[in-house]
Structure formats: C-alpha cells, structure tokens
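Q: I'm new to this one. Please put it on screen and we'll go through it.

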Amino acid sequence: GRGCRVGVVDVDGDGAREAAAEVRALGREATVHTVDVRDADALESLAAEVVDAHGGCHVLVNNAGVTAVGLFEDETTDDLHWLVDINVWGVVNGCRAFLPVLRRADEAHIVNVSSMVALLGMAHNVSYSMTKGAVRSFSEALRGELITTNIGVSVVFPGAIRTNITRTARGSDAAALASKGDSRLAPLVTRPPETVARRIVGAIEHNRARVTAGPDARVLDLFARLVPGRSGLVGRALARTVGSTPAAYTSSAASSPAPPAADADADATASRSTN
C-alpha cells in the first residue's frame, strides 16, 4: 500500500509464492526466496540475491517463529534447540546478513517480531517466552548501537493473532493447542495479521522503538510495568484460564502478507514463518 517492492522469504516455497502473488496483485514487484533462517550462510546469499533483484534493501522484517507448549521439564533438548535456532538465531542471522546492505541505503529500518510473552513470561510457554525475551533485549541493544546511523530498529510485541504457528507447535500440549487454533472460538479471541502489519508500518514511519499490537498485549505491557513483581502470578493465571492458547501470541504467520515499507521507493525483505 505504500508502494514498496517486496522480497518474500520463507522456508516454504509455496507459501512464499502465494504471498508474492498478493503483492503483485496490488501492482508492485515481488520476488520469492526459499531460505531456512537457521542457515547463516543461506541468509548471506539471500542478501546478495535481494541486492541483485532490487538494487538494495531499505526494510528488513525478521518474522519467522515457532513455538512449543507444555511443561518445561517435559521438553526435549531437540525442541529447545529448534526454538532457539529459529526464534533467536533466525533474527540474529537476518540482522548480520543485511546490516551491510542497510548501511548503504539513505534510510533503513529493521523490524524484529517478538511476542507479548516477552513482556510477561507465560507458564507452559517457558522456552518460547525465553526466545521472545531474547529478541526483545537484542533489538533494544541493537537500536542503541545504531541510534546515530541511518538505520532504525523496532521490536514488535503482538497479542493473540490468527496465524499458522499452532500447526507446527511442539511439546506435550501441542495437539491441544492445534485444536484450539482451529476451533470456532478462535476468531473471537484472536485478531487478523493485518492488525500487526499496520502497527509495523507505523513503527517504520515514526521510527518507534517498541510497538504492542492488540489490546491484550497493551494490558499486559502496562501490568508488567506497574507491578513487575506480580507478573508471574498473572502469567500462571492466564495460562490456566486459556490453556494452551497463549502460544498463539505471535505474529509469525505464513498466512500473513509481508508488511510494506514506508518509503515509496523502498525495498522490503520480509521473513515469514512456516518452520
């Protein structure tokens, strides 16, 4: 809608092509790149591909993410590495690969998608909360390092958003989470991905350091600020109330269109999630 060209990045080639088709239907250019964000070398090659295709990059959106639900003590080591490699290293790899390209732009921006569980750790979502908390701290520190440059950094904390993350969830409660994500009640307690996309565009336009998306995320952000010592109690109570649903608190969605850049002449590379 802002007139940018988009490089759609996904581990799922079919999903990337679908999103690119949506962008082209709006009359803008879109390229498709099939990449696993865990692979640092592949992301270095991706940066070169984007430059070849678009002449540069102004906006990087690190959005790929996965979750695991259930008791922490029941999680396997493999699942823990899977979460960290995608949710944390995926963001780090994206930033490292594209920072040299972004520095060459007259104006640039990095958007890292965290989750509201980074504001308030969620029971039965311990490892996911850990990874999204890491994205928060990393983004805030990176913004401090880049504050005097042409590159802005925003971290986004979505609330309950309708995405496909529940379909790939791991952990002892994964099946229950998937069934809730497909239930008729899901549209009543979640919001469409466009809700987050609009907030992301605003963050880029106004160079905001942090953005919450959804009333649930805003309420938890306020509560964590006012009574941080009691936030754990709220996390446990919420987990008991909604069961496994908290794992859907993310905007990492293969079904969501890549958010556009603010600059009409900008290129946006959006990392999507079906890992």
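Q: How far is the sulfur of C4 from the closest cysteine sulfur?
A: The distance is 9.8 Å, to the sulfur of C57, which is too far for a bond. This is a predicted model, where local features need pLDDT of at least 70 and side-chain atom pairs count only at pLDDT 80 or more, while totals for chains, interfaces and linings use all residues. Residues are numbered from 1 along each chain as its sequence is written, and side-chain values use heavy atoms, with hydrogens and water left out.

Q: How many disulfides turn up in the whole structure?
A: Zero, from a search of the whole structure. A disulfide here is a pair of cysteine sulfur atoms within 2.5 Å.

Q: Is C4 buried or exposed?
A: C4 is buried, at 3% relative accessibility. Buried means under 20% relative accessible area, exposed means over 50%, and partly exposed is in between, using a 1.4 Å probe and protein chains only. C95 is also a buried residue, with a relative accessible area of 2%.

Q: OK, the whole chain then. How many helices and strands?
A: Ten helices and seven strands. Both are DSSP runs numbered from the N terminus: helices are H or I with at least four residues, strands are E with at least two.

Q: And how much of the chain is buried?
A: Of the 275 residues, 54% are buried. The accessible surface comes to about 11900 Å², and carbon and sulfur atoms hold 52% of that. Those areas come from the Shrake-Rupley method with a 1.4 Å probe; for residues, only the protein chains shown count as cover.

Q: What share of the contacts joins residues at least 24 apart?
A: 78%, among contacts between residues at least 6 apart in sequence. A contact means heavy atoms within 4.5 Å.

Q: Switching to cores. Which residues have the most contacts inside the largest nonpolar core?
A: They are L46, F98, L102, I110, L142, L146 and I151, in a core of 30 residues. Two or more core residues come from each of α2 (40-54), α3 (77-87), α4 (89-103), β4, α5 and β5. α4 gives the largest share, seven residues. A nonpolar core is a set of buried Ala, Val, Leu, Ile, Met, Phe, Trp, Tyr and Cys residues joined through side-chain atoms within 4.5 Å.

Q: What does I151 touch?
A: Leaving out residues up to four places away in sequence, I151 touches L99, L102, R103, A108, I110 and L146. Another core, of ten residues, lies apart from the largest one and includes V111, I161, V196 and I200.

Q: β4 keeps coming up. How many of the residues of β4 are buried?
A: Six of the six, so β4 is largely enclosed by the rest of the structure. A108, I110 and N112 point one way from the strand, while H109, V111 and V113 point the other way.

Q: What does β4 pair with, going by the bridges to β5?
A: β4 pairs with β5 in the parallel sense over six bridges, with V111 opposite S154 in β5. β3 and β4 also run parallel, joined by four bridges, and N62 stands opposite N112 of β4. Two strands pair if DSSP finds at least two bridges between them.

Q: Which residues of α8 are buried?
A: P193, T195, V196, A197, I200, V201, G202, A203 and I204. Their cover includes β3 (59-62), β4 (108-113), β5 (151-158) and β6 (210-213).

Q: Which residue follows α8?
A: N207 does, and its phi is positive, near 50°. N207 sits in the loop between α8 and β6 and is partly exposed at 35% relative accessibility. Most residues other than glycine have a negative phi. H124 has a positive phi as well, near 65°. H124 lies in the loop between β4 and α5 and is partly exposed, at 32%.

Q: Last one: where is T131?
A: T131 is in helix α5 (residues 126-146), buried at 1% relative accessibility. Not counting residues up to four places away in sequence, T131 touches L83, V84, N87 and V88.
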